Amino acid sequence: MRDYAAIARKISRALFSAQVVVSSGLIMMTTVGAIAGAELSGRARWAGVPSAVVLLASALGALVWGFIMERSGRRAGLVTGLTLGAAGAVLAGGALVATNFWVFLGGLALVGLAQAAMLLGRYAAADVHPVQERGRAIANVVVGGTIGAVIGPLLVAPTGQLAVAAGLNELVGPYAGAFVLLSAAALVIFFLLRPEPAGIRRELAAQDAASDLVPGKKRPVIQIMRQPAGVVATAAMVIGQLVMVILMVITSLYMKQNGSTLGQISIVISAHTFGMFAFSIISGRLADRFGRTPVILAGSVTLVIACLGSMLPPSVVTLAGALFLLGLGWNFCFVGGSALLTDQLTPAEQPRMQGFNDLLVGLASALGSLASGFIFATAGYRPMGVVGALLALIPFSLALWWWRVSRKT
């Protein structure tokens with residue numbers, strides 16, 4: 001008889017450790033990405049292209065990794081993705097040495113694939129836990145991003161100084177550091193993510209007499225998407241992501257135009273990041289104790305409050321509060337939606353459907369990034385709060401409807 005609790009603890013620790021390391025590496029590259037893009041292209045208006053390439057590659061990669069993990073398992077998919085990301089970091093760093101913008105973007109595309117693979121790692125944690133613990137399991141992996149968000153920026157300056165000492169452009173340092181971190185994460189997954197999470201998920205599903213899901217059953221994606229709970233879960237994650245990105249991406253520019261210093265801008269963005277990740281454990285426990293739908297409802301309401309709060313007269317305090325709530329609302333929608341989606345899937349359906357869902361989330365990020373600039377340029381910052389609040393009402397309405405329906409059945 002397998003000790004499933006011990007297996008779950010081991011795999012969760014491996015995923016959490018990898019998440020911390022990968023997040024640190026990704027944030028290192030993100031911190032200098034815009035600077036590198038402007039420097040290599042010679043055009044300041046292209047500074048946002050590196051970020052867009054990573055987001056687009058991550059969105060498209062999610063679907064690819066879903067199919068790969070379906071056929072080869074979580075471990076193989078994660079190791080392959082992280083290895084490609086490490087290669088991408090080397091390629092991007094080399095492009096900085098050779099001053100080649102297009103090779104640089106090619107490296108970042110590989111980094112985006114690694115990001116997509118690691119995002120799907122949260123479902124590997126759900127694979128090895130019973131239904132009543134999945135929310136907490138997903139949240140424990142997501143919270144690793146909090147530590148990465150702190151460590152990553154702290155490593156930028158030291159690695160840059162090492163690059164200068166080696167006679168290289170200081171921007172090469174963060175990419176070299178990211179290579180080391182992504183390689184380390186690949187090794188952690190390769191050696192510690194055992195046994196295969198998908199196999200454990202099938203065993204747990206076979207033992208779950210209360211489940212009405214047939215472990216080997218595989219429905220088409222479109223059929224799953226038509227299920228009410230699947231619609232609610234996907235809407236929570238996709239629209240929650242869209243609302244967050246629309247407001248978050250442009251806030252630094254808005255503050256700059258209103259005379260804020262870089263230090264003040266950093267405080268607001270830090271508050272946002274803190275809201276995104278620091279309360280993951282709480283949101284996971286709430287999802288397991290009270291249900292996925294109430295957590296999604298709470299997340300949607302929090303997003304509405306955040307968007308309305310962003311319309312107050314600009315100050316560091318008001319914007320930090322609004323952006324903190326924006327991150328917190330996203331977290332509730334993301335964790336609750338991830339757990340709800342997993343509940344609806346058989347082991348055979350999980351990788352592909354989860355990859356398709358993350359494709360939609362990634363596309364929402366790209367759309368939000370583009371939309372924020374256009375809305376801000378044509379209407380200003382405050383109308384963006386109205387747009388975000390209206391969008392947040394969509395998952396709220398769907399979740400409220402589903403909660404009422406499910407309580408009657």
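Let's start with the rings: this structure holds 10 aromatic pairs, where rings of Phe, Tyr and Trp (its six-membered ring) pair if their centres lie within 6.5 Å. A pair of aromatic rings is described by the distance of the centres and the angle of the planes. Planes under 30 degrees apart count as stacked, those over 60 as edge-to-face, and the rest as tilted.

Please keep in mind that you are looking at a predicted model, in which local features need pLDDT of at least 70 and side-chain atom pairs count only at pLDDT 80 or more, while totals for chains, interfaces and linings use all residues. Residues are numbered from 1 along each chain as its sequence is written, and side-chain values use heavy atoms, with hydrogens and water left out.

Now find Phe101 and Trp102. Their rings sit 5.4 Å apart, centre to centre, with 65° between the planes, and the pair is edge-to-face. Phe101 is buried, at a relative accessible area of 7%, whereas Trp102 is exposed, at 60%. Here buried means under 20% relative accessible area, exposed means over 50%, and partly exposed lies in between (1.4 Å probe, protein chains only).

For another geometry, move to Trp330 and Phe334. Their ring centres are 4.8 Å apart and their planes meet at 15°, so this pair is stacked. Both residues belong to helix H15, which covers residues 316-343, and they are 4 residues apart, about one turn of the helix. (Helices, H or I with at least four residues, and strands, E with at least two, are DSSP runs numbered from the N terminus.) Trp330 is buried, with 6% relative accessibility, and Phe334 is buried with a relative accessible area of 6%.

Rings can also gather in a group: Phe274, Phe279 and Phe324 make up one aromatic cluster.

Next, look at Phe190, whose face has arginines over it. Arg75 lies over this face at 4.7 Å from the ring centre, and Arg194 lies over the face of Phe190 at 5.4 Å from the ring centre. A charge sits over a ring if NZ of Lys or CZ of Arg is within 6 Å of the ring centre and within 35 degrees of the ring normal.

Finally, what about the cysteines? A search of the whole structure finds 0 disulfides, a disulfide being a pair of cysteine sulfur atoms within 2.5 Å. Take Cys307: the closest cysteine sulfur, in Cys333, is 11 Å from its own, too far for a bond. Cys333 is likewise in no disulfide. Cys307 is buried, with a relative accessible area of 1%, and Cys333 is buried at 1% relative accessibility.
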